[in-house]
Amino acid sequence: MTLHRLTIFLLGLLLGALAMAQGNPQTNAQALLQASDAVRNPDKPFGVTVTLIEYRGGKQTDTSTLASYAKSDARSGQFRTLIRFVAPARDEGKLMLKSGNDFWFYDPASRASVRLSPQQRLMGQASNGDVVTVNLAKDYQAKVGAQEEIADGNRQMHHSTRLDLNASSPDATYNRIEFWVDSANNQPIKGKFYSESDRLLKTVYYRRYQPQLGKERPTEMVIIDGLDSKWVTVMRYTDFVFRDVPEVWLQRDYLPNFKPE
């Protein structure tokens with residue numbers, strides 16, 4: 001083999017190896033989304049306290065505290081979540097359950113459970129679908145949009161990959177999402193969430209990363225209304241703990257019997 005042919009042969013091998021390493025961009029996008037899910041969500045059943053604070057024009061107008069119990073479904077890989085309302089006193093003891101395609105709200109005063117929409121607002125800009133634990137990679141198909149320098153919730157710049165997410169599941173709360181992930185560590189930085197009519201509903205910043213349950217995780221989400229930037233809802237996460245979440249807790253028929261441990 002001449003030197004010229006050997007060079008061409010070796011170059012072909014190198015390009016082939018590079019193509020294999022890069023893989024299918026679609027596969028890589030989905031893998032990146034899965035990696036960002038793993039940053040947000042522990043891989044075992046867990047509990048966390050969620051505090052929602054609503055602001056209008058910089059002034060606090062409402063607040064609510066929830067206890068969340070989440071467990072991944074072995075078949076679908078998506079989380080099932082039981083939410084217990086802790087405060088204010090008027091809501092204490094109310095429950096919300098997401099299991100599969102279903103959202104249920106239970107009020108102990110009426111002892112009745114009613115079906116909810118994941119898009120329905122819970123408080124401020126936080127919808128029912130925002131407060132439950134969700135693996136985005138199970139509900140959305142991802143494509144790599146662009147490599148971009150963007151500011152996080154603290155106005156610090158990051159080199160990021162923008163993922164364009166389109167709903168692939170009836171469980172999905174939003175029709176599509178633009179989602180920015182830090183290229184260095186897969187941490188979610190920012191998301192823009194759109195309706196079926198392609199209207200921007202909200203912009204979300206993921207921030208205040210802290211070591212929780214074995215990984216640096218965001219402990220605060222800042223949700224900004226898509227039309228009124230002065231309408232902001234902050235979701236804070238505290239008291240992370242790995243814990244047993246009994247299967248019976250995740251059944252609609254059990255809601256009237258639920259008692260927190």
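These are my notes, entry by entry.

**Ground rules.** I am working with a predicted model, in which local features need pLDDT of at least 70 and side-chain atom pairs count only at pLDDT 80 or more, while totals for chains, interfaces and linings use all residues. Residues are numbered from 1 along each chain as its sequence is written, and side-chain values use heavy atoms, with hydrogens and water left out.

**Confidence.** I checked pLDDT, the predictor's confidence in each residue, from 0 to 100. The protein chain averages 90, and 90% of the residues score at least 70. Residues 3–23 fall below 50, and beyond near neighbours in sequence this stretch has 3 contacts in the model (a contact means heavy atoms within 4.5 Å).

**Backbone.** I found a cis peptide bond between Ala87 and Pro88, with omega at about 5°. I then placed Pro88 in the loop between β3 (79–87) and β4 (95–99). Strands here are DSSP runs (E, at least two residues), numbered from the N terminus.

Next I looked at phi. Arg155 is not a glycine, yet its phi is positive, about 65°. I located Arg155 in the loop between β9 (140–151) and β10 (157–167). Is Arg155 buried or exposed? Arg155 is exposed, at a relative accessible area of 76%. My cut-offs are under 20% relative accessible area for buried, over 50% for exposed and partly exposed in between (1.4 Å probe, protein chains only).

Asp198, also a residue other than glycine, has a positive phi near 65°. I see Asp198 in the loop between β12 (188–194) and β13 (200–212). Asp198 is partly exposed, with a relative accessible area of 42%.

**Rings.** How many aromatic pairs does the structure hold? I noted 7. One of them joins Phe85 and Phe105 edge-to-face, at 6.0 Å centre to centre and 90° between the planes. Phe85 lies in strand β3 and Phe105 in strand β5 (residues 102–107), so this pair ties together parts 20 residues apart in sequence. Phe85 counts as buried, at 6% relative accessibility. For the record, rings of Phe, Tyr and Trp (its six-membered ring) pair if their centres lie within 6.5 Å; planes under 30 degrees apart count as stacked, over 60 as edge-to-face and the rest as tilted. I also traced a cluster in which ring pairs link Tyr69, Trp249 and Phe258.

**Charges over rings.** The charged end of Arg56 sits over the ring of Trp231, 3.6 Å from its centre. Arg176 lies over the face of Tyr194, at 3.9 Å from the ring centre. I applied this test: NZ of Lys or CZ of Arg is within 6 Å of the ring centre and within 35 degrees of the ring normal.

Technical notes
Helices (H or I, at least four residues) and strands (E, at least two) are DSSP runs, numbered from the N terminus.
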